[in-house]
Amino acid sequence: MGGENSKLAFRKCAFRLAEQRSLPDGAEDAWSPFWLLPEGPHDVFSLVTPADIRRIRDSARENFIKLVDKVFDRLLVLKAAKDLTRNQASTKQLLNCVRILTRLVPFAYEACPDGSTVEDILLWTPRPRPGSGADYTLGKQLVSAAIDLLFTSGFTVPPATVGEDAVVRYAIWDNGIGQASSLGSSKDHVSNRVEVLRLVLVLASKTMYVPPAMAAAAPNRALHAMAYNSNKRMVLSLLCSLLNTSLKDRTQGWAIPYRNTAAMDPNDALSLQAMQALFVLLEYQAPTSAENGTATESPAAADSETDESTPSMVLVTGTETGHQNLFRVFTAKLHRTQEFDYLVGSIIRLLEEGMRANLSILASVTKQPTRNVMPREATILLWMLLEANAPFKDYLVDHNSSLKLFSALMYFMLNSYNDPAQAGMVRTISHILHYLSEDSRFATRLMQPFDQSILPSAMRVIDANLTHADFMINTVYTLLSSSRPHLVPVYSSLLLLMRNVSPYLTQVSQTTADKLVSLFDIISSPAFIISEPYHVRWLIYLLEVFDYVVHYRAADNPHLMYSMVQARSCFTRLKGFDLDKARAELLALRERKGKSEAARTIGKSLPALPSTPGPGSAPDVAIGPASASSLEVPTAATPARDSQGTISPALSDKARGKRPDPGPGPAPAKEERQQNDAETPPPVLAAAKPGTGTNSQQFQPSAEWVFSWLPDLPLDPIISVLETLAACTDKIAEDVQRDADAVSSSQLEEAMLGLDTKDSSQAHLASSKPNGSAADSAAQLVVADATAAIMRWLGSDAMARAMPDLEESMPEIRPRLQVMSPALVVWFRSLLWSLIYGSGMKPFGIWKNTQVRLFLVKNTQ
């Protein structure tokens, strides 16, 4: 805007609309400044404040409606001008009309002080068009005009010929799917697309102003007019344009994913908004009728219903809507190998760019936003493509890049789980992996060796022989044992991921086996089971892992079977579950926790709990409850570990009694170890609480509730196998101990006979030293030899012959499928719109200070 005088004049126009009621159509001095004066989007968003718009809407509603009508009427006049792109003044006015509508529409969606909205009257009630008198519905016409502007030659797409008039020309913007070469768009074309796509997102943003309880059933008529548009040519052009633009690789040469300025490059802004528009269009489904389960059409669709003889493809833009979301239909029809190659390769590239950006020195030092890096959006797009296109899933699980994709997803899960602002990304990844694990081909691929060199050192597991399944289980253990309340919704998907992969597990490492058994020790604790009703589901999922391994993969997993044998008390404890004892244990834990928190509150000399780490400041957008509490659950008798963290072999009482007494080494005595275990805080799992934690709001288990799940647990075959293997491993350990005793006695006699008897004092000294060192060496050799012997036996055919008959209890290998429940749909919709809201905060704050109801907005200073 030119200077202070023009800015003041623009502000006076806004004041006039609020103060002077019922301005006439002919008062051009009141309407025309809105498309004549602004010089850019910043002028519109900074000079027309939310308070100004609300004042006009609430005090002079007729002026608010007339302003939108006048701006849109001017947009139609400019759009129809043949010399639009040859006249800079006309282009500027058209862009200002787009900006003003982008600024006003969100306030038509939000609730007025009296609870009503302007949306129905403004957008969906037929009324005379200013200047013509013909009735029209503004909402449908506005959606149609916005889509037309995305394909207007010379404005958003290059003209087909030099000097071509401004006409709607459906052309795919970039090369990729459906287009072999790029159109060669100019910087102005890209900038104009950004402005128009911003308007498209605003028109579709009605969902943000609906509470979560109504989000699945509330109609979004503007989005319905877009997604259910029957113009197939338009849908195909827009779908391919959005896909190719969002996935386009714009890095050149040795480009570093780093930006040294706060302003976003227009191409980056276009990629992000194209991705967001694609999400909104693919995710939308018309609300279903509660009576018959069929999709109900919005009023806009009912008004525009056409005869069956209408051609399915029209060559001009219209407002007719069909009975299905054509964006989803055409996405589901993608089937060519080159198309899938492009999608998979582009998604992996976006994820790898995000990894490089996180690990680069410049990004870690400057904390600047990365350039053209959208890993969070890439994961969302991957999930939507998998959910919409079954052949794409088949292609992915058979593709060599599936393990590369798996590794990248694991990295982002580990990199993001500590940050509550990234909880949506972690949950999205968990759903992707759960969905892929339903296919046995993907689960089988996870048994291949895993290369940890792509990960930072902090994420690596200290084990040289890891498979992808090993790393997956270690990652699940890390997330479940992290005690992060915002991760509670993720736990079910992670446990189902392990459960679906378990029938195909082979050669699980000792580190992985220990963590898996330790996780079961916690989840099977009686106090933990009854602390929340959904903990039983977690228990069942994890128990099914062991059930599948025992029945199908026992000989292929000697380390896991050995760890289960050592921790068999966890399974027998669960078999003898007693509700009264569990209640007493839970009550004692809560009392102990309350005392511990009180001690920290009054300033005892205890170490402070670290705050949740995460880059940047607190998030602006939060989804879901803001409070949660954690429950500490003591572990049961877990296998003893040495100083390196490895599990000592399970020796029988007889064999253990033959071991020499420990010397004066660093290992503590038995009583001291027990005391240290009692003082050491046990592992915890965070459990979200629905209320404030009062007794009246806590879950109260009953005997009927216990009876509903306890008899169905597959404990009998597991316990039978573990008892049988325990007897065999004890016998092996005794045999090794007996052989070691015989060898050590023989070696000691030979050492004594070879002593020099000339010097009695030296002989006495020498006889004492070999005796002690031989005893210590023998004890260490017994441990190593017993473990090796047991492992060899557990991986041999002898173990299979020793196992009891499991034919009658053999479970069917059937994955637990992912179900898109209404709650999951609402959460995903909330995630999408919260991301769109957050990205719209910069640079203009499109939806800032509007009364969003779908998710919680935290105002951080």
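**Salt bridges, a helix and a surface patch**

Analyst: Arg 99 is buried, at a relative accessible area of 7%. Keep in mind that this is a predicted model.

User: Which side chain does Arg 99 meet in a salt bridge?

Analyst: Glu 195, at 2.9 Å, N to O. The pair links distant parts of the chain. Glu 195 sits in helix H10 (residues 187-203) and Arg 99 in helix H7 (residues 88-109), 96 residues apart.

User: Is Glu 195 buried or exposed?

Analyst: Buried, because its relative accessibility is 7% and the cut-off for buried is under 20%.

User: What else does Glu 195 meet in a salt bridge?

Analyst: Arg 198, at 3.5 Å, N to O. Both lie in H10, 3 residues apart, about one turn of the helix.

User: How many salt bridges does the count come to?

Analyst: 34. One of the pairs is Arg 441 with Asp 439, at 2.6 Å. Asp 439 is buried at 11%, whereas Arg 441 is partly exposed at 32%.

User: Which residues are linked in a network?

Analyst: Arg 54, Arg 57, Asp 58 and Glu 110, through salt bridges.

User: New topic. How many residues of H22 are buried?

Analyst: 15 of the 15, so the helix is largely enclosed by the rest of the structure. H22 covers residues 423-437 and reaches 21 Å from its first C-alpha to its last, close to the 21 Å expected.

User: And the surface? What makes the nonpolar patch of about 220 Å²?

Analyst: Tyr 552, Met 810 and Ile 813. Tyr 552 is in helix H28 (residues 535-552). At 31% relative accessibility, Tyr 552 counts as partly exposed.

Definitions and conventions
Residues numbered from 1 in each chain as written. Predicted model: local features only at pLDDT ≥ 70, side-chain atom pairs only at ≥ 80, totals over all residues. Heavy atoms only, no water. Patch = residues over 30% accessible without salt bridge, like charges linked within 9 Å, V, L, I, M, F, W, Y side chains within 5 Å. Areas by Shrake-Rupley, 256 points an atom, 1.4 Å probe, with all protein chains shown as cover. Salt bridge = Lys/Arg side-chain N within 4 Å of Asp/Glu carboxyl O. Helix = DSSP H or I, 4+ residues; strand = E, 2+ residues; numbered from the N terminus. Buried < 20%, exposed > 50% of the residue type's maximum accessible area, 1.4 Å probe, protein only. Expected span 1.5 Å × (residues − 1).
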